Amino acid sequence: MLKKNNKSNSKVFEIIEKEKKRQDSFIELIASENFVSDDVLEAIGSCLTNKYSEGYPANHKSGNRNRYYGGCQYIDELEEYCCDKWKEVFNTNYHVNVQPHSGSSANFAAYMSVLQPNDTILAMSLSNGGHLTHGSPVNFSGKIFNIVSYGTNPSGFIDYVEIYDKILKYKPKLILAGASAYSRIIDFKRIKRSIDKAVEIIRLNGNNDYSPYFMVDMAHIAGLVATGLHPTPFGYADIITTTTHKTLRGARGGLIFCKPELAKKVDSAVFPCCQGGALQNIVAGKAVTAEECCTQEYKDYIEQVVDNSKAMCNEFIQLGYDIVTGGTDNHLFLIDLSRTHPNLTGKMVQDELDKYGITLNKNCVPNEKRSPMQTSGIRIGTPAMTTKGYKEKDFIAVARTIDDIIRNMEQKIEYGQE
């Protein structure tokens with residue numbers, strides 16, 4: 001066996017220790033981050049990182065059977081268990097693939113399972129809350145596929161009428177719901193009804209072969225879906241992707257769920273199309289995460305996440321800030337600085353708060369006038385600090401601290417100190 005290095009002489013462990021101290025001491029408000037349990041960390045750092053496992057378990061339901069390497073009997077057992085636990089988490093009979101390395105790779109494989117290059121995808125625009133992989137021109141999604149975007153109405157809510165109208169106009173091969181910066185309930189049932197109604201009209205007009213796919217990226221709200229605090233996309237969507245960190249509070253990685261009839265296409269898209277061997281140490285971390293998500297403790301945690309988000313959001317409203325949509329139904333909310341603090345960009349606020357040990361991210365707001373590198377807004381999420389034990393009163397106190405820092409920034413600009 002290889003001998004352990006002396007950590008005291010390793011630059012790597014020196015950097016890791018500095019990051020650990022930062023995570024321990026900073027107030028973490030990035031909506032897509034969280035803190036995993038020691039059990040998840042142990043699984044990720046286990047001997048499973050040594051094993052190559054291209055392919056799928058021998059009795060895999062999709063028909064893509066067998067590994068390309070020997071010695072996978074326990075790997076097969078682990079991956080099958082992981083799949084079963086995630087079905088339990090979401091109470092579904094959908095097929096699940098637990099191999100995607102990330103949410104982005106899950107989305108890539110999902111697209112490749114049912115689309116061809118240049119096919120049209122209808123998705124939420126990045127400036128209105130969508131994700132990079134939902135069609136940004138600098139991302140694979142925008143480079144490979146033809147993207148048509150829908151957005152929000154003047155109040156910041158998803159424009160469901162626009163979705164319906166654009167299905168009729170552009171006849172997309174895939175309609176995608178989901179967001180990375182949207183604070184309200186997404187009505188998957190309504191979107192599915194709009195799809196079905198539009199398909200009926202298109203077919204009546206002579207396009208009898210039109211049959212689009214409905215995909216949901218629930219990466220941000222997966223924990224709320226799992227605990228019944230957000231309506232489920234299961235039963236409506238053909239394909240559902242998610243990360244396993246964020247509100248699921250687990251190993252960094254992705255999952256793809258799909259209706260059983262798409263199982264072989266999805267699995268073939270993950271391997272061999274988009275990935276090689278699965279990271280079985282991460283699969284183990286995902287399995288531990290699924291076990292944790294099945295507990296009452298986890299459900300209580302998610303309820304607290306939402307309560308904390310609403311309390312903090314309401315405090316910012318009381319302090320005079322503009323909140324996109326006027327509130328939140330989930331784990332995050334957006335502050336639009338453009339009216340109340342026109343001299344400040346999201347990046348300026350992000351950078352200044354970092355000096356005070358408060359971490360959040362700049363974010364575009366609806367009808368954004370600034371570049372994505374500057375932005376007019378900031379995004380705030382409550383999952384990570386709720387994991388650390390914060391309650392409503394703690395988040396209210398942090399909101400007041402942030403307000404003090406922002407006001408001080410404005411005063412410095414006013415008196416020419418910046």
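Tutor: Helix α6 and helix α7 make a right-handed crossing (the near helix is turned clockwise from the far one by less than a right angle). This is a predicted model, where local features need pLDDT of at least 70 and side-chain atom pairs 80 or more, while totals for chains, interfaces and linings use all residues. Residues are numbered from 1 along each chain as its sequence is written, and side-chain values use heavy atoms, leaving out hydrogens and water. Helices are DSSP runs of H or I, at least four residues, and strands are runs of E, at least two, numbered from the N terminus.

Look for α6 at residues 160-170 and α7 at residues 188-204: their axes lie 9 Å apart, at an angle of about 30 degrees. Because of that angle, α6 counts as roughly parallel to α7 (under 35 degrees, on a scale from 0 to 180 between N-to-C directions, with axes fitted to C-alpha atoms over the stretch in contact).

On the α6 side, Y160, V161, I163, Y164, I167 and L168 take part; from α7 come R190, I191, S194, I195, K197, A198, I201 and I202 (contact means heavy atoms within 4.5 Å). Eleven of the residues in this contact are nonpolar, one is polar and two are charged.

Elsewhere, four strands form an open, antiparallel sheet in the order β9-β10-β13-β12 (a pair needs at least two DSSP bridges). Its edges are β9 (322-323) and β12, each pairing on one side only. Three bridges join β12 to β13, and N363 has G377 in β13 as its bridge partner. Across β9, β10 and β13 lies helix α11 (residues 296-318), running at about 15 degrees to β10.

Definitions and conventions
Angles under 35 degrees count as roughly parallel, over 145 as roughly antiparallel, 65 to 115 as roughly perpendicular and the rest as oblique. Ala, Val, Leu, Ile, Met, Phe, Trp, Tyr, Cys and Pro count as nonpolar, Asp, Glu, Lys and Arg as charged, and the others, Gly among them, as polar.
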